[in-house]
Amino acid sequence: RTLIIAPAIVVKSGTWGDQLDEWADHPDQFTLATYSMLNGRVKTGANASATRPTDSPRPEYAGHWDALVVDEAHYTKGRKTTWTKAVEQIARNSDQVLEMTGTPIPNWGYELYTILRVLHPDQASPGEDYGSYWRWALRWFENQPTRFQPYHLGGLRGCGPQCEQVNRTGVCEHYQRFMQANLGDQFLRRTRGEVLGSLPPLTETRVETPMAGAQLTAYRELKRNWVTQLGGEELVAWTPGSRMDQLDLLTVSDWMLNPRGEPRGGKLDRLAFDLASRANPTVVFAYHRSVVEAAARVAGSVGARAGVVHGGRSGEENGDTVRRFLDGDLDVLCGSLSVMSEGLNLTRADMLVFVEKTHRTYTNEQAMRRVHRIGQGRPVTVLDYVTPRSVDDRKRTLLQDKEWHQGHMLDAVRVASLL
C-alpha cells in the first residue's frame, strides 16, 4: 500500500489519478491524500460547534504503509504546522519514504530541517542531531542577531566572498560538508534536460506595455508623493508596502486601482489583443488575485470561456476548474502564481502569458513548466508582459540576477560532486 500526499489542487484536478491510471500496474494500491485534509480534527468552542486540526493524521492514514510519497515536499517546511507533524508520524510508520520537490534547496538551506527529520527518523528524538531545530541550525548557519531578533540565520558558517567565486565553477567546502553530513546518498537531483529528453521548441518573448495618459500620471504621482487621483477619487499609500503594491498594480493598468466598468488599459488591453486571435487553449498567470480575476473577465470579453484559480477559492473549486480546462470545457485558464505554479500538467495549452511575475525565480520557472513539459506535442510560446521604466521592469532585472546566482548554487549540489 502506498500513500501519496499532495496539494489539494494537484489531487482534485486529477493530476495524480491520471498518472496512476497510466503508469501503475495496480492503481487500487495507491491512496491519495491532500495536505489540507491530512490531520484529524477535534471539536472545540463552548458548544463544540467548531473544530480544529490535531497534530496527528486522520485514522485512515495513521496505520502502516509500505511506501509514502510526499509530493511538493516543501509544503512541510513549517516546523509548527499540523500537517508537517502528521507527515512525520506517517513517515515513521512507512517502510519507504520519497519526498519530492521542484523548489530549489539552496535558497534557504535551513528549511531542510523538517525534511531531514523525515529522512532520519532515528535522529529526530530529543538530544539527537535533528531533535532541536535551533541546535541544528546554529551548528550549520551563521547567527546574525538584530535589535528585535536574537536569532536571525544567515548563510552557511564559514562561507564568505571567496565562496561566491568558487561556486561559479564548482562547490565550496562548506556547502559540500553541509550536503554530505545532512543528505549524503539520500539526495538525488535531476535537471529537466536529464529526464525529459527532447521537447518541442520554446519561444519566450518580452512584450513591453508602456504606460501612458492617466496610468503614467498616477504612477509618477504615487511614486513621488504617495498620493494620486484616479477617477476623481484620492488614492493614498499609507505604508511603504502598500505603496509598492499599488505601484505594482498600476503597471498592470490604472483600472486595477479604480475598477469601474470592464477591465481595460495597459497590460489588460494587450491581453485582450493576444487572446482575440487565439484558437488554441491558453494559460494566463498573475501574482495578484485581483489581476487573475481581471484577466478572466478580459478573456470573457473576447468570447473565450475562462476560469480562475487562486487562493481565495477552495481546493475543490480550483481542482474542478483545472479539470474543466483539461477536459476542454474552458479556453483560458487564469491562475495565481502562488497556487497554480506547482504540480499541474497543463499541456493542453501551447501558449502561456505572464501578466505579472513574482520575485521568486523558481516559482516563475515552475509556472512555465506547467505547459512546456513532457506530454507537450506542440511548440510553446511564452509571453512576458513588462511595463518599461517601472517597478515591473526592475523586477525583471532582479530576477535575472537571482537566476544567475541560483544557477551556480544549484550546480554546487551536483550529486557527483558531493558523494
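Residues are numbered from 1 along each chain as its sequence is written, and side-chain values use heavy atoms, with hydrogens and water left out. Because the model is predicted, local features need pLDDT of at least 70 and side-chain atom pairs count only at pLDDT 80 or more, while totals for chains, interfaces and linings use all residues.

A nonpolar core here is a set of buried Ala, Val, Leu, Ile, Met, Phe, Trp, Tyr and Cys residues joined through side-chain atoms within 4.5 Å, where buried means under 20% relative accessible area, exposed over 50% and partly exposed in between, with a 1.4 Å probe and protein chains only. The largest such core has 37 residues, of which Leu3, Ile5, Leu38, Ile90, Trp136, Phe141 and Phe178 touch the most other members. At least two residues of this core come from each of β1 (2-6), β5, α3 (82-92), α4 (113-119), α5 (133-140), β8 (153-156) and α7 (173-182), and α4 gives the most, with five residues. Helices (H or I, at least four residues) and strands (E, at least two) are DSSP runs, numbered from the N terminus. Another core, of 29 residues, lies apart from this one and has Leu20, Leu337, Val339 and Phe354 among its members.

Tyr61 lies in the loop between β4 (50-57) and β5 (65-70), and Tyr61 is buried, with a relative accessible area of 10%. Leaving aside neighbours within four places in sequence, Tyr61 is in contact (heavy atoms within 4.5 Å) with Leu3, Thr31, Leu32, Ala33, Met37, Leu38 and Ile90. The C-alpha atoms of Tyr61 and Val87, 26 residues apart along the chain, are separated by 9.8 Å.

In strand β4 itself is Thr54, which is also buried, with a relative accessible area of 18%. A polar atom of the Thr54 side chain lies 3.2 Å from the backbone oxygen of Ser56, and beyond the neighbours within four places in sequence, Thr54 is in contact with Asn39, Gly40, Arg41, Val42 and Thr82.

The buried residues of α9 are Gln215, Ala218, Tyr219 and Leu222. They cover an arc, taken from the directions from the helix axis to the C-beta atoms, of only 100°, which puts them on the same side of α9. An α-helix has 3.6 residues a turn, so residues three or four places apart point the same way. After α9 comes Trp226, whose phi is positive, near 70°.

Key
Polar contact = N/O pair within 3.5 Å; in protein donor to acceptor, adjacent residues only side chain to side chain.
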